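Work through the exercises below with the sequence and coordinates open. Try each task before reading its solution.

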Amino acid sequence: SHFFSTQLGEQAMSDDTGPSGSISAAAAPSAADAGIHADDAKVHDHSWIVGTWGNELESRMTIDSVSVDGEFTGRYFTAVQKKEGHDIVGNWFPLVGRLCESGVTGGFTVGWRSSTTTWNFSKIDDKKVRAFWILSQEAGATWDAFNIGTNTFSKIEE
């Protein structure tokens, strides 16, 4: 419920944040706490993400490049534009994202004309990911500013 999520959010904020809403040094985990050590660095092949992907709504994204650190860039064409009669040529929006070190999870963000969507995904295999997304838009100080959903993206062989 709205009351529960608001109360939970306020409680979490009072537990972990300072007066400005930023995470305090005491609440932030150190690299050692997270199990990260300088001599443990591994290089993973993140190239599986490069290419064109489509989802069940017929939206398309193309990942152009990925760094050894898992940062990637590309572009996104939403099926909403297609339903509005826009041609796929010239109507792509830039996307930026990052894979976790092992490459099995990641996320990317697209800034639209008047909203932003962020997807977090989990790799099923080299040709399929399942994603949870949240779209935020201007709607005042209400929960109406957020839409949430899921997508499954499959790699399109070109």
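A salt bridge is a side-chain nitrogen of Lys or Arg within 4 Å of a carboxyl oxygen of Asp or Glu. This is a predicted model: local features need pLDDT of at least 70, side-chain atom pairs count only at pLDDT 80 or more, and totals for chains, interfaces and linings use all residues. Residues are numbered from 1 along each chain as its sequence is written, and side-chain values use heavy atoms, with hydrogens and water left out.

**Exercise 1. Salt bridges**

Task: Find how many salt bridges the whole structure holds, and examine the one between Arg75 and Asp64.

Solution. 
- Step 1. Searching the whole structure gives four salt bridges.
- Step 2. In one of them, the side chains of Arg75 and Asp64 meet at 2.6 Å, N to O.
- Step 3. Arg75 sits in strand E3 and Asp64 in strand E2 (residues 60-66), so this pair ties together parts eleven residues apart in sequence. Strands are DSSP runs of E with at least two residues, helices are runs of H or I with at least four, and both are numbered from the N terminus.
- Step 4. Check accessibility. Buried means under 20% relative accessible area, exposed over 50%, and partly exposed in between (1.4 Å probe, protein chains only). Arg75 is partly exposed at 32%. Asp64 is partly exposed too, at 44%.
- Step 5. Take another pair: the side chains of Asp126 and Lys123 form a salt bridge at 2.8 Å, N to O. Asp126 has 42% relative accessibility and counts as partly exposed. Lys123, at 24%, is also partly exposed.

**Exercise 2. The surroundings of Glu71**

Task: Locate Glu71 and list what it touches, leaving out residues up to four places away in sequence.

Solution. 
- Step 1. Glu71 belongs to strand E3 (residues 71-77).
- Step 2. Its relative accessible area is 46%, so Glu71 is partly exposed.
- Step 3. Apply the contact criterion, heavy atoms within 4.5 Å. Glu71 then touches Ser65, Val66, Gly97 and Arg98, not counting residues up to four places away in sequence.
- Step 4. The side chains of Arg98 and Glu71 meet in a salt bridge (2.8 Å, N to O). The pair links distant parts of the chain: Arg98 in strand E4 (residues 93-99) and Glu71 in strand E3, 27 residues apart.
- Step 5. Arg98 is partly exposed, with 42% relative accessible area.
- Step 6. Compare sequence with space for Glu71 and Cys100: 29 residues apart in sequence, 9.0 Å C-alpha to C-alpha.

**Exercise 3. Strand E4 and its partners**

Task: Which side chains of E4 point to the buried face, and which strands join E4 by bridges?

Solution. 
- Step 1. In a regular strand, side chains alternate between the two faces of the sheet.
- Step 2. Phe93, Leu95, Gly97 and Leu99 point to one face of E4 and are buried.
- Step 3. Two strands pair if DSSP finds at least two bridges between them. E3 and E4 run antiparallel, joined by six bridges. E4 and strand E5 (residues 105-111) are antiparallel as well, with five bridges.
- Step 4. Follow Leu95. It is the bridge partner of Gly74. In E5, the bridge partner of Leu95 is Val110.
- Step 5. The E4-E5 hairpin has five residues between the strands, and Gly103 there takes a positive phi near 85°.

**Exercise 4. A loop residue**

Task: Is His46 buried or exposed?

Solution. 
- Step 1. His46 lies in the loop between helix H1 (2-16) and strand E1 (51-55).
- Step 2. With a relative accessible area of 4%, His46 is buried.
- Step 3. Residues that His46 touches include Val66, Asp69, Leu99 and Gly103.
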